[in-house]
Amino acid sequence: MTSRPDDDSLASLAAHSVELISALQHPSGAYPASPTFSAYTGYSWFRDGAFIADGMSSANAIDSASRFFDWCASILIARRGQIETIERAEAAGTPLDNSQMLATRFTFDGAEGDDDWWDFQTDGYGTWVWAVVAHAQRHDLDLDRWREGIELSVRYLLATWERPCFDWWEEFETERHVSTLGCVIAGLSAAASTDVLSVDVATRARDAASAARELIETDGVRDGHLVKWLGSDAVDGSLAALISPLAVVDGSRTLARATVAQIDHDLTVDGGVHRYLGDTFYGGGQWPLLSCMLGLAFAAGGNTARARSQLQWAAETVTTDNFLPEQVDDDLLDPSRVAEWRERWGSVATPLLWSHAMYVRLAVEIGVYVPPAPPMASLATTEARHGNESETD
Ligand code: BGC
C-alpha cells in the first residue's frame with residue numbers, strides 16, 4: 001500500500017493549483033473550465049468560475065478573483081435588455097421560453113458562442129453573487145465595483161428562480177434542483193445583506209430567498225436529508241456545497257449531518273465522491289471537486305479528520321503533469337458507458353480548473369495550505385479605501 005501524501009506535498013499541490021489557475025486565466029478575467037478538453041475549450045462557466053474565484057480569493061489571489069467578477073458583471077450589463085425583457089414577460093404572466101434565458105457559459109470575450117449547450121441553468125447566477133460578496137467581505141473590498149452586475153443578476157433570479165432548469169450537471173431540465181435552489185438562496189441572501197441593492201430589489205431578494213429556503217426544507221428533504229430535486233429521495237454530491245462553502249445549511253444542524261452521512265453512504269467510495277447514482281457520464285466516476293466539497297461539509301460539522309482524508313483522496317488523483325482531472329475511473333458506476341464519451345469528446349477533462357480550486361479551498365479551510373499574504377497593491381487599495389471612508393465619516 002502506498003503512503004498517503006504528507007502535509008508538504010498537500011500544500012505544494014495547493015500552491016501549484018493557484019499558479020496554474022492564474023496562468024490559465026484569460027486576460028478578460030474569464031477562467032477556462034478546462035483549457036484542452038474538446039467540448040469546453042474556449043468557454044467559461046458562471047458555476048465553475050464562481051467556485052474557482054472563491055478558491056482563488058481564499059488563497060489571497062485577490063486580483064484574479066476580482067477580474068473574474070468583472071467579467072461576470074460585464075456579461076450581465078451587456079444583457080440588461082434581455083434581462084428586462086425576461087422580467088416584463090414574467091410579470092405579465094407570459095414567461096418566455098427556456099431558450100430565451102441567459103446562457104450557462106460564455107466565450108472568454110463574453111459572447112454566447114456558436115456551439116449548442118444545455119443552457120438555462122440558474123445556479124451560476126446565484127453562486128457568483130454569493131462568491132463576489134464573500135470575496136469583498138474577506139478582503140474588505142468595495143462592492144460598488146460590481147454593483148450593477150449584482151443587481152442585474154439578482155433581478156434575473158427573481159424572475160426565474162421558480163422555474164425548473166438544468167442542474168449543475170446540465171441534466172434533468174424538467175426538475176427543480178435542490179443544489180440549484182441552494183445557489184439561488186446563497187446569492188440572493190448575500191446580495192440582500194449588503195447595501196448594493198435598491199430597497200425594493202433587496203426586499204424582494206430576501207422574500208424569494210426565504211421562500212426558496214422553505215421549499216428546500218420541505219419538498220427538498222426526505223428521511224431527514226436533502227435530496228437531488230424537489231420530491232426525489234436520492235442525494236447528489238453537489239448538495240454538500242449547501243453546507244460549505246455556501247453555508248445555506250449550518251454544518252452543525254441535523255439536516256447537514258444527515259445529508260453528509262447520506263452522501264458518504266450512497267456516493268462515496270474510499271473518499272472519492274460520485275455525482276449521483278445513475279450517472280453515466282464517462283461511466284460515472286468519482287469527482288475530486290465533490291470529494292473536496294464533502295471535505296468542506298465535514299469540516300463545517302467539526303469532523304476535521306474526514307475533511308483531511310477527503311483532501312488526501314483528491315490529491316491522490318493528480319496526474320504526472322500535476323493536473324487534477326474532472327473525474328477518475330477507479331470506481332465506475334457504469335463502465336459500459338465510457339467508450340461512447342471517449343469517442344464523442346476524447347479523454348476526461350484534465351486539468352479541470354474547478355477541481356484545482358476546490359482543492360485549494362479545502363486546503364486553506366483546514367489549514368493545510370497557508371497562502372502568502374496578499375500582494376501590497378491589494379493592501380494599498382484597501383488602505384486607500386479606509387482612508388477615503390474616514391474622510392467622509
Ligand atoms: C459538468 C458541469 C460543468 C462543465 C464544465 C460539465 O460536464 O457537468 O457541471 O460546469 O462540465 O466544467
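Which helix does Ala 256 lie in?

Author: Ala 256 lies in helix α10, residues 254–267. Helices here are DSSP runs (H or I, at least four residues; strands are E, at least two), numbered from the N terminus. This is a predicted model, in which residues are numbered from 1 along each chain as its sequence is written, and side-chain values use heavy atoms, with hydrogens and water left out. Local features need pLDDT of at least 70, and side-chain atom pairs count only at pLDDT 80 or more, while totals for chains, interfaces and linings use all residues.

Ala 256 is buried, with a relative accessible area of 2%. Buried means under 20%, exposed over 50%, and partly exposed in between (1.4 Å probe, protein chains only). Set aside its neighbours within four places in sequence, and Ala 256 is in contact (heavy atoms within 4.5 Å) with Ile 243, Val 249, Asp 250 and Gly 251. Take Ile 243. Along the sequence, 13 residues separate Ile 243 from Ala 256, but their C-alpha atoms are 6.4 Å apart.

Another buried residue is Phe 68. Phe 68 sits in helix α3. Its relative accessible area is 0%, so Phe 68 is buried too. Beyond four places in sequence, the contacts of Phe 68 include Gln 25, Tyr 31, Trp 45 and Phe 46. Gly 29, Ala 30 and Ser 44 are also among them, as are Gly 49, Ala 50 and Ala 53. Ala 111 is 43 residues from Phe 68 along the chain, and 15 Å separate the two C-alpha atoms.

Helix α3 leads on to helix α6. The buried residues of α6 pack against α3 (62–78), α4 (80–91), α5 (123–139), α7 and α8 (199–218). Of its 14 residues, 12 are buried, which leaves α6 mostly covered. Among those buried are Gly 149, Ile 150, Glu 151, Arg 155 and Thr 160.

Now see how α4 meets α6. Their axes come within 9 Å and cross at roughly 30°. That makes α4 roughly parallel to α6. Axes are lines fitted to C-alpha atoms, for helices over the stretch in contact, with angles from 0 to 180 degrees between N-to-C directions. Under 35 degrees counts as roughly parallel, over 145 as roughly antiparallel, 65 to 115 as roughly perpendicular, and the rest as oblique. From α4, Arg 80, Ile 83, Glu 84, Ile 86, Glu 87 and Glu 90 make the contact. From α6 come Glu 148, Leu 152, Arg 155, Tyr 156, Ala 159 and Thr 160.

Helix α7, residues 178–192, is one of the partners of α6. The 15 residues of α7 should span 21 Å, and its end C-alpha atoms are 21 Å apart, which agrees. In α7, 14 of the 15 residues are buried, so this helix is largely enclosed by the rest of the structure.

Helix α1 (residues 7–24) packs on helix α14 (residues 353–365) at about 135°, with the axes 9 Å apart. That makes α1 oblique to α14. Among the residues in this contact are Leu 10, Leu 13 and Ala 14 of α1, with Leu 353, His 356 and Tyr 359 of α14.

Key. The expected span of a helix is 1.5 Å times one less than its number of residues.
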